[in-house]
Amino acid sequence: MNDKIAYFNDLLVRFEEIFYHELSGMSHPKVEYIGTDFLRSKKIEGNTVEEVVDSCIKEIKAGGLVEDITYSRAGEGILLVLKVKNCIHLPMEAKLQYGFKNEGGVAPYMCPIANMILDRILNILHYEMVYNALIEDIDTNKGECRLKCVIYESVAKIGQVGDWRSI
Amino acid sequence: MADIIDLISSRRSIRRFKDEPVPDEMIDKVIEAARWAPSGENEQPWRLIVVRNPETKAKIAEIAKLGTGGRVTAEFSLSDYWQKKYAGVKDPEKKARLLRTLYTGQASEFAGNAPVVIVVIGELKDMFDTPYDLSCAIMNMLLEAHSLGLGACWVHGPSVYPSLVKRMKELLKVPTGMGQYKLIATISLGWPAESPKAREKKNFEDIVYWEEFGRKERPK
(Lines give C-alpha, C1' and ligand atoms only; values in the text may rest on other atoms or scores of the structure.)
Protein backbone atom coordinates (compact mmCIF):
# COMPACT_ATOMS: atom_id res chain seq x y z
CA MET A 1 0.00 0.00 0.00
CA ASN A 2 2.79 2.41 0.97
CA ASP A 3 4.52 1.67 -2.32
CA LYS A 4 1.35 2.64 -4.13
CA ILE A 5 1.09 5.93 -2.25
CA ALA A 6 4.76 6.65 -2.93
CA TYR A 7 4.14 5.89 -6.60
CA PHE A 8 1.18 8.29 -6.78
CA ASN A 9 3.11 10.99 -4.92
CA ASP A 10 6.00 10.66 -7.37
CA LEU A 11 3.57 11.15 -10.23
CA LEU A 12 2.29 14.33 -8.61
CA VAL A 13 5.83 15.61 -8.02
CA ARG A 14 6.64 15.15 -11.71
CA PHE A 15 3.43 16.92 -12.71
CA GLU A 16 4.15 19.78 -10.33
CA GLU A 17 7.69 20.14 -11.60
CA ILE A 18 6.59 20.22 -15.22
CA PHE A 19 3.72 22.57 -14.48
CA TYR A 20 6.02 24.97 -12.64
CA HIS A 21 8.58 24.78 -15.40
CA GLU A 22 5.86 25.66 -17.90
CA LEU A 23 4.09 28.41 -15.98
CA SER A 24 6.46 29.70 -13.25
CA GLY A 25 4.75 31.35 -10.30
CA MET A 26 1.29 31.31 -11.81
CA SER A 27 1.22 27.51 -11.59
CA HIS A 28 0.23 27.99 -7.94
CA PRO A 29 -3.29 29.42 -8.43
CA LYS A 30 -3.95 27.19 -11.43
CA VAL A 31 -3.99 23.97 -9.40
CA GLU A 32 -6.95 24.87 -7.19
CA TYR A 33 -9.09 21.97 -8.46
CA ILE A 34 -6.50 19.28 -7.63
CA GLY A 35 -7.96 17.15 -4.84
CA THR A 36 -11.44 18.67 -4.87
CA ASP A 37 -13.23 15.58 -6.18
CA PHE A 38 -12.66 13.62 -2.98
CA LEU A 39 -15.00 15.77 -0.89
CA ARG A 40 -17.39 16.56 -3.72
CA SER A 41 -18.50 12.95 -3.52
CA LYS A 42 -19.04 13.15 0.28
CA LYS A 43 -21.84 14.69 2.28
CA ILE A 44 -20.29 17.89 3.59
CA GLU A 45 -22.61 20.24 5.44
CA GLY A 46 -22.52 23.44 7.46
CA ASN A 47 -23.73 26.99 7.70
CA THR A 48 -20.48 28.50 8.92
CA VAL A 49 -16.83 28.15 7.96
CA GLU A 50 -16.17 26.21 11.17
CA GLU A 51 -19.02 23.77 10.54
CA VAL A 52 -17.94 23.15 6.95
CA VAL A 53 -14.26 22.75 7.85
CA ASP A 54 -15.13 20.37 10.73
CA SER A 55 -17.29 18.33 8.38
CA CYS A 56 -14.46 18.22 5.81
CA ILE A 57 -11.88 17.17 8.40
CA LYS A 58 -14.09 14.31 9.56
CA GLU A 59 -14.31 12.90 6.01
CA ILE A 60 -10.63 13.49 5.23
CA LYS A 61 -9.60 11.61 8.38
CA ALA A 62 -12.12 8.85 7.73
CA GLY A 63 -10.65 8.49 4.24
CA GLY A 64 -7.21 7.95 5.75
CA LEU A 65 -5.66 10.92 3.95
CA VAL A 66 -4.35 12.57 7.13
CA GLU A 67 -3.98 11.72 10.80
CA ASP A 68 -5.37 15.08 11.92
CA ILE A 69 -6.05 18.67 10.86
CA THR A 70 -6.34 21.62 13.22
CA TYR A 71 -7.18 25.13 12.13
CA SER A 72 -7.55 28.72 13.24
CA ARG A 73 -8.96 31.89 11.74
CA ALA A 74 -7.57 35.43 11.74
CA GLY A 75 -7.22 38.51 9.53
CA GLU A 76 -10.81 39.77 9.77
CA GLY A 77 -12.07 36.31 8.91
CA ILE A 78 -10.06 36.15 5.70
CA LEU A 79 -7.16 34.01 6.88
CA LEU A 80 -7.66 30.30 7.49
CA VAL A 81 -4.58 28.57 8.91
CA LEU A 82 -4.52 24.79 8.53
CA LYS A 83 -2.11 22.51 10.35
CA VAL A 84 -2.04 19.07 8.80
CA LYS A 85 -0.57 16.07 10.61
CA ASN A 86 0.80 13.04 8.78
CA CYS A 87 -0.72 13.69 5.37
CA ILE A 88 -0.25 11.03 2.72
CA HIS A 89 1.09 13.77 0.41
CA LEU A 90 3.82 14.97 2.80
CA PRO A 91 6.56 12.98 0.98
CA MET A 92 5.45 14.69 -2.24
CA GLU A 93 5.99 18.15 -0.76
CA ALA A 94 9.38 17.15 0.62
CA LYS A 95 10.55 15.60 -2.65
CA LEU A 96 9.39 18.58 -4.68
CA GLN A 97 11.25 20.94 -2.39
CA TYR A 98 14.61 19.27 -2.90
CA GLY A 99 14.20 17.81 -6.38
CA PHE A 100 14.53 14.16 -7.33
CA LYS A 101 18.31 14.28 -7.59
CA ASN A 102 18.95 17.53 -5.79
CA GLU A 103 18.96 19.22 -9.19
CA GLY A 104 17.21 22.24 -7.76
CA GLY A 105 13.73 21.77 -6.43
CA VAL A 106 10.55 23.77 -6.59
CA ALA A 107 8.94 25.42 -3.57
CA PRO A 108 5.82 23.33 -2.87
CA TYR A 109 2.74 25.13 -4.16
CA MET A 110 -0.05 22.56 -4.33
CA CYS A 111 -1.96 21.04 -1.43
CA PRO A 112 -4.83 18.73 -2.42
CA ILE A 113 -6.08 18.71 1.20
CA ALA A 114 -6.36 22.51 1.40
CA ASN A 115 -7.89 22.61 -2.07
CA MET A 116 -10.67 20.20 -1.15
CA ILE A 117 -11.58 22.14 2.00
CA LEU A 118 -11.50 25.51 0.21
CA ASP A 119 -13.64 24.14 -2.61
CA ARG A 120 -16.34 23.15 -0.11
CA ILE A 121 -16.26 26.62 1.52
CA LEU A 122 -16.59 28.20 -1.93
CA ASN A 123 -19.47 26.04 -3.06
CA ILE A 124 -21.43 25.38 0.14
CA LEU A 125 -21.14 28.82 1.71
CA HIS A 126 -21.00 30.62 -1.65
CA TYR A 127 -17.87 32.57 -0.83
CA GLU A 128 -16.64 34.93 -3.51
CA MET A 129 -13.10 33.62 -3.75
CA VAL A 130 -10.80 31.19 -1.92
CA TYR A 131 -7.08 30.62 -2.35
CA ASN A 132 -4.39 28.47 -0.79
CA ALA A 133 -1.91 31.30 -0.46
CA LEU A 134 1.08 29.76 1.27
CA ILE A 135 2.50 26.38 2.20
CA GLU A 136 4.49 27.75 5.07
CA ASP A 137 6.18 24.92 6.92
CA ILE A 138 6.85 21.39 5.86
CA ASP A 139 8.35 19.49 8.76
CA THR A 140 9.07 15.94 7.73
CA ASN A 141 10.45 15.09 11.17
CA LYS A 142 7.23 16.02 12.92
CA GLY A 143 5.13 14.97 9.93
CA GLU A 144 3.43 18.34 9.75
CA CYS A 145 2.48 20.96 7.22
CA ARG A 146 1.21 24.46 7.94
CA LEU A 147 -0.82 26.29 5.33
CA LYS A 148 -2.20 29.79 5.10
CA CYS A 149 -5.36 30.05 3.03
CA VAL A 150 -7.52 33.06 2.28
CA ILE A 151 -11.30 32.95 2.08
CA TYR A 152 -13.16 36.02 0.85
CA GLU A 153 -16.79 36.04 1.84
CA SER A 154 -17.59 38.98 -0.44
CA VAL A 155 -15.91 41.34 -2.90
CA ALA A 156 -15.75 43.89 -0.06
CA LYS A 157 -13.24 41.65 1.72
CA ILE A 158 -10.73 42.03 -1.12
CA GLY A 159 -8.06 44.52 -0.09
CA GLN A 160 -8.48 44.14 3.69
CA VAL A 161 -4.79 43.66 4.31
CA GLY A 162 -2.92 43.18 7.58
CA ASP A 163 0.29 41.69 8.91
CA TRP A 164 -0.37 37.98 8.95
CA ARG A 165 3.26 36.87 8.83
CA SER A 166 3.55 36.05 12.52
CA ILE A 167 0.16 34.34 12.77
CA MET B 1 11.31 47.53 -44.45
CA ALA B 2 10.63 49.91 -41.55
CA ASP B 3 12.38 49.43 -38.23
CA ILE B 4 9.67 49.36 -35.58
CA ILE B 5 11.86 49.63 -32.47
CA ASP B 6 10.56 53.17 -31.80
CA LEU B 7 6.99 51.90 -31.93
CA ILE B 8 7.88 49.03 -29.59
CA SER B 9 9.76 51.18 -27.08
CA SER B 10 7.18 53.98 -26.99
CA ARG B 11 4.26 51.64 -26.23
CA ARG B 12 2.85 51.87 -22.73
CA SER B 13 0.23 49.91 -20.86
CA ILE B 14 -2.78 52.23 -20.80
CA ARG B 15 -5.35 51.72 -18.06
CA ARG B 16 -7.29 54.99 -18.26
CA PHE B 17 -9.37 55.78 -21.29
CA LYS B 18 -11.33 58.72 -22.65
CA ASP B 19 -15.06 58.25 -22.82
CA GLU B 20 -15.00 58.15 -26.61
CA PRO B 21 -15.86 55.22 -28.86
CA VAL B 22 -13.26 53.39 -30.92
CA PRO B 23 -14.25 53.32 -34.61
CA ASP B 24 -15.05 49.88 -36.00
CA GLU B 25 -12.34 50.13 -38.64
CA MET B 26 -9.74 50.60 -35.93
CA ILE B 27 -10.99 47.58 -34.00
CA ASP B 28 -10.80 45.63 -37.24
CA LYS B 29 -7.19 46.71 -37.77
CA VAL B 30 -6.23 45.60 -34.28
CA ILE B 31 -7.84 42.22 -34.96
CA GLU B 32 -6.13 42.03 -38.33
CA ALA B 33 -2.81 42.36 -36.49
CA ALA B 34 -3.70 39.30 -34.41
CA ARG B 35 -4.57 37.40 -37.55
CA TRP B 36 -1.00 37.82 -38.81
CA ALA B 37 0.70 36.58 -35.66
CA PRO B 38 2.96 33.52 -35.92
CA SER B 39 1.61 30.23 -34.57
CA GLY B 40 2.92 26.70 -34.20
CA GLU B 41 2.13 24.65 -37.29
CA ASN B 42 0.22 27.76 -38.48
CA GLU B 43 -2.73 26.47 -36.44
CA GLN B 44 -3.99 30.00 -35.60
CA PRO B 45 -5.84 28.90 -32.44
CA TRP B 46 -6.92 32.43 -31.49
CA ARG B 47 -10.54 33.43 -31.17
CA LEU B 48 -11.39 36.97 -30.11
CA ILE B 49 -14.56 38.13 -28.38
CA VAL B 50 -15.08 41.87 -28.79
CA VAL B 51 -17.10 43.22 -25.86
CA ARG B 52 -18.66 46.68 -25.81
CA ASN B 53 -21.71 45.98 -23.65
CA PRO B 54 -21.20 48.01 -20.42
CA GLU B 55 -22.79 45.35 -18.18
CA THR B 56 -20.56 42.61 -19.55
CA LYS B 57 -17.49 44.83 -19.20
CA ALA B 58 -18.43 45.58 -15.59
CA LYS B 59 -18.67 41.85 -14.84
CA ILE B 60 -15.32 41.21 -16.51
CA ALA B 61 -13.85 44.01 -14.40
CA GLU B 62 -15.21 42.45 -11.21
CA ILE B 63 -13.72 39.05 -12.03
CA ALA B 64 -10.38 40.74 -12.82
CA LYS B 65 -10.55 42.60 -9.50
CA LEU B 66 -11.11 39.32 -7.67
CA GLY B 67 -8.21 37.63 -9.46
CA THR B 68 -5.62 40.31 -8.78
CA GLY B 69 -6.98 41.64 -5.48
CA GLY B 70 -7.54 38.19 -3.99
CA ARG B 71 -4.01 37.15 -4.72
CA VAL B 72 -2.25 40.40 -3.78
CA THR B 73 -4.21 40.88 -0.53
CA ALA B 74 -2.78 37.53 0.56
CA GLU B 75 0.72 38.16 -0.76
CA PHE B 76 0.85 41.64 0.77
CA SER B 77 -0.27 40.36 4.18
CA LEU B 78 1.86 37.22 4.22
CA SER B 79 5.19 38.42 2.82
CA ASP B 80 7.25 41.51 2.08
CA TYR B 81 7.37 40.75 -1.66
CA TRP B 82 5.33 43.79 -2.71
CA GLN B 83 7.00 46.15 -0.22
CA LYS B 84 10.38 45.12 -1.64
CA LYS B 85 9.18 45.44 -5.22
CA TYR B 86 8.21 49.07 -4.61
CA ALA B 87 11.14 49.87 -2.32
CA GLY B 88 12.45 52.29 -4.95
CA VAL B 89 9.37 54.52 -4.67
CA LYS B 90 10.52 57.16 -2.19
CA ASP B 91 7.28 59.12 -1.78
CA PRO B 92 5.39 57.15 0.90
CA GLU B 93 1.98 58.38 -0.25
CA LYS B 94 2.68 57.36 -3.82
CA LYS B 95 3.96 53.99 -2.66
CA ALA B 96 0.88 53.42 -0.52
CA ARG B 97 -1.35 54.39 -3.44
CA LEU B 98 0.44 52.01 -5.81
CA LEU B 99 0.20 49.14 -3.35
CA ARG B 100 -3.46 49.88 -2.65
CA THR B 101 -4.34 49.68 -6.35
CA LEU B 102 -2.82 46.19 -6.35
CA TYR B 103 -4.30 44.65 -3.22
CA THR B 104 -7.73 46.12 -3.84
CA GLY B 105 -7.61 44.67 -7.34
CA GLN B 106 -8.14 48.14 -8.80
CA ALA B 107 -5.03 47.60 -10.92
CA SER B 108 -6.92 45.05 -13.03
CA GLU B 109 -10.39 46.56 -12.82
CA PHE B 110 -10.06 49.07 -15.63
CA ALA B 111 -11.80 46.88 -18.21
CA GLY B 112 -15.04 48.34 -16.86
CA ASN B 113 -14.01 51.80 -18.07
CA ALA B 114 -12.56 50.86 -21.44
CA PRO B 115 -14.71 51.43 -24.53
CA VAL B 116 -13.72 48.02 -25.88
CA VAL B 117 -12.55 44.82 -24.24
CA ILE B 118 -11.15 42.07 -26.42
CA VAL B 119 -11.24 38.69 -24.70
CA VAL B 120 -8.53 36.42 -26.07
CA ILE B 121 -9.30 32.72 -26.09
CA GLY B 122 -7.71 29.88 -28.01
CA GLU B 123 -8.71 26.47 -29.26
CA LEU B 124 -6.96 23.60 -27.49
CA LYS B 125 -8.13 20.54 -29.35
CA ASP B 126 -5.60 19.41 -31.98
CA MET B 127 -3.36 22.39 -31.17
CA PHE B 128 0.24 22.36 -29.99
CA ASP B 129 1.24 25.78 -28.71
CA THR B 130 -1.97 27.61 -27.87
CA PRO B 131 -0.77 29.81 -24.95
CA TYR B 132 2.33 30.95 -26.81
CA ASP B 133 0.45 31.57 -30.05
CA LEU B 134 -2.09 33.67 -28.16
CA SER B 135 0.68 35.70 -26.54
CA CYS B 136 2.11 36.52 -29.97
CA ALA B 137 -1.32 37.59 -31.18
CA ILE B 138 -1.75 39.81 -28.13
CA MET B 139 1.60 41.53 -28.72
CA ASN B 140 0.66 42.22 -32.32
CA MET B 141 -2.64 43.74 -31.19
CA LEU B 142 -0.98 45.95 -28.58
CA LEU B 143 1.51 47.28 -31.13
CA GLU B 144 -1.14 47.90 -33.78
CA ALA B 145 -3.32 49.73 -31.24
CA HIS B 146 -0.34 51.90 -30.30
CA SER B 147 0.45 52.63 -33.92
CA LEU B 148 -3.12 53.87 -34.38
CA GLY B 149 -2.83 56.18 -31.39
CA LEU B 150 -5.01 53.96 -29.23
CA GLY B 151 -4.09 52.77 -25.76
CA ALA B 152 -4.34 49.20 -24.54
CA CYS B 153 -3.39 46.92 -21.70
CA TRP B 154 -3.67 43.17 -21.42
CA VAL B 155 -4.55 41.44 -18.20
CA HIS B 156 -3.89 37.80 -17.46
CA GLY B 157 -5.08 38.07 -13.84
CA PRO B 158 -8.65 36.76 -14.23
CA SER B 159 -7.34 33.85 -16.24
CA VAL B 160 -5.19 32.16 -13.62
CA TYR B 161 -7.78 30.69 -11.25
CA PRO B 162 -9.81 27.92 -12.91
CA SER B 163 -12.86 28.94 -10.84
CA LEU B 164 -12.67 32.54 -12.12
CA VAL B 165 -11.98 31.37 -15.66
CA LYS B 166 -15.16 29.31 -15.46
CA ARG B 167 -17.09 32.40 -14.42
CA MET B 168 -15.65 34.38 -17.32
CA LYS B 169 -16.44 31.60 -19.77
CA GLU B 170 -20.01 31.30 -18.53
CA LEU B 171 -20.43 35.07 -18.79
CA LEU B 172 -19.28 35.03 -22.42
CA LYS B 173 -20.90 31.69 -23.32
CA VAL B 174 -17.53 30.08 -24.06
CA PRO B 175 -17.61 26.25 -23.70
CA THR B 176 -16.27 25.49 -20.20
CA GLY B 177 -14.63 22.10 -20.77
CA MET B 178 -10.96 22.12 -19.82
CA GLY B 179 -10.07 20.55 -23.16
CA GLN B 180 -11.93 23.03 -25.32
CA TYR B 181 -10.83 26.68 -25.11
CA LYS B 182 -8.16 28.43 -23.11
CA LEU B 183 -8.99 31.91 -21.90
CA ILE B 184 -5.68 33.66 -21.60
CA ALA B 185 -6.35 37.39 -21.22
CA THR B 186 -8.49 40.43 -21.73
CA ILE B 187 -7.24 43.46 -23.64
CA SER B 188 -8.77 46.80 -22.73
CA LEU B 189 -8.73 49.22 -25.65
CA GLY B 190 -9.57 52.89 -26.08
CA TRP B 191 -8.26 56.41 -26.48
CA PRO B 192 -5.56 57.05 -23.86
CA ALA B 193 -6.43 59.37 -20.98
CA GLU B 194 -2.96 59.08 -19.45
CA SER B 195 0.67 59.23 -20.61
CA PRO B 196 2.64 56.95 -18.30
CA LYS B 197 6.41 57.19 -18.18
CA ALA B 198 8.43 54.25 -19.36
CA ARG B 199 8.87 51.55 -16.72
CA GLU B 200 12.40 50.69 -15.75
CA LYS B 201 13.87 48.04 -18.02
CA LYS B 202 16.73 45.68 -17.35
CA ASN B 203 20.00 46.58 -19.04
CA PHE B 204 21.05 44.91 -22.26
CA GLU B 205 24.08 43.29 -20.60
CA ASP B 206 21.91 41.94 -17.79
CA ILE B 207 19.72 39.88 -20.10
CA VAL B 208 22.03 38.60 -22.79
CA TYR B 209 24.67 35.90 -22.81
CA TRP B 210 26.90 35.07 -25.74
CA GLU B 211 27.28 31.54 -27.03
CA GLU B 212 26.50 29.95 -23.65
CA PHE B 213 24.63 30.61 -20.44
CA GLY B 214 26.44 33.04 -18.18
CA ARG B 215 29.00 34.32 -20.73
CA LYS B 216 28.66 38.09 -20.81
CA GLU B 217 31.49 39.19 -23.11
CA ARG B 218 30.51 39.59 -26.72
CA PRO B 219 32.97 37.48 -28.78
CA LYS B 220 35.14 39.46 -31.17
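**Close-up views of the predicted two-chain model**

View 1. A:Asp68 is partly exposed, having a relative accessible area of 29%. The model shown here and in the views that follow is predicted. The side chain of A:Asp68 joins that of A:Lys61 in a salt bridge, with an N to O distance of 3.2 Å. A:Lys61 is likewise partly exposed, at a relative accessible area of 37%.

**View 2. The hairpin of strand 1 and strand 2 of chain A.** Four residues lie between the two strands of the hairpin. A:Gly75 adopts a positive phi near 55 degrees in this hairpin.

**View 3. The four-stranded sheet of chain A.** The open sheet has the strand order 1-2-4-3, and its pairing is antiparallel. Strand 1 and strand 3 (129–139) form the edges, each pairing on one side only. On average, neighbouring strands are turned by 20 degrees against each other, direction ignored. Strand 2 of chain A pairs with strand 4 (residues 144–152) of chain A in the antiparallel sense, again over seven bridges. Here A:Lys85 has A:Glu144 of strand 4 as its bridge partner.

**View 4. A salt-bridge network in chain A.** A:Arg40, A:Asp119 and A:Arg120 are connected in a network of salt bridges. In the pair of A:Arg120 and A:Asp119, the closest N and O atoms are 3.0 Å apart. A:Arg120 counts as buried because its relative accessible area of 12% falls under 20%. A:Asp119 is buried too, at 5% relative accessibility. Over all chains, the whole structure holds 19 salt bridges.

**View 5. The salt bridge between chain B and chain A.** B:Arg167 and A:Glu128 form a salt bridge, their closest N and O atoms lying 2.8 Å apart. The pair crosses from helix 7 (residues 162–172) of chain B to the loop between helix 6 (112–124) and strand 3 of chain A. B:Arg167 is partly exposed, with 28% relative accessible area.

**View 6. The interface of chain B and chain A.** Chain B contributes 27 residues to the contact and chain A contributes 25 residues. Together the chains bury about 2,300 Å², of which 66% is on carbon and sulfur atoms. One salt bridge is found across the interface, together with eight residue pairs in polar contact. Helix 3 and helix 7 of chain B each supply at least two residues of the side that touches chain A. Helix 3 of chain B gives the most to that side, with 13 residues.

Notes. Residues are numbered from 1 along each chain as its sequence is written. Chains are lettered from A and ligands numbered from 1 in the order in which they are written. This is a predicted model: local features need pLDDT of at least 70, side-chain atom pairs count only at pLDDT 80 or more; totals for chains, interfaces and linings use all residues. Side-chain values use heavy atoms; hydrogens and water are left out. Two strands pair if DSSP finds at least two bridges between them. Axes are lines fitted to C-alpha atoms, for helices over the stretch in contact, and angles run from 0 to 180 degrees between N-to-C directions. A salt bridge is a side-chain nitrogen of Lys or Arg within 4 Å of a carboxyl oxygen of Asp or Glu. Buried means under 20% relative accessible area, exposed over 50%, partly exposed in between (1.4 Å probe, protein chains only). Contact means heavy atoms within 4.5 Å. Buried area is the accessible area (1.4 Å probe) that two parts lose on being put together, summed over both. A polar contact is a pair of N or O atoms within 3.5 Å; within protein, one must be able to donate a hydrogen and the other to accept it, and residues adjacent in sequence count only if both atoms are side-chain atoms.
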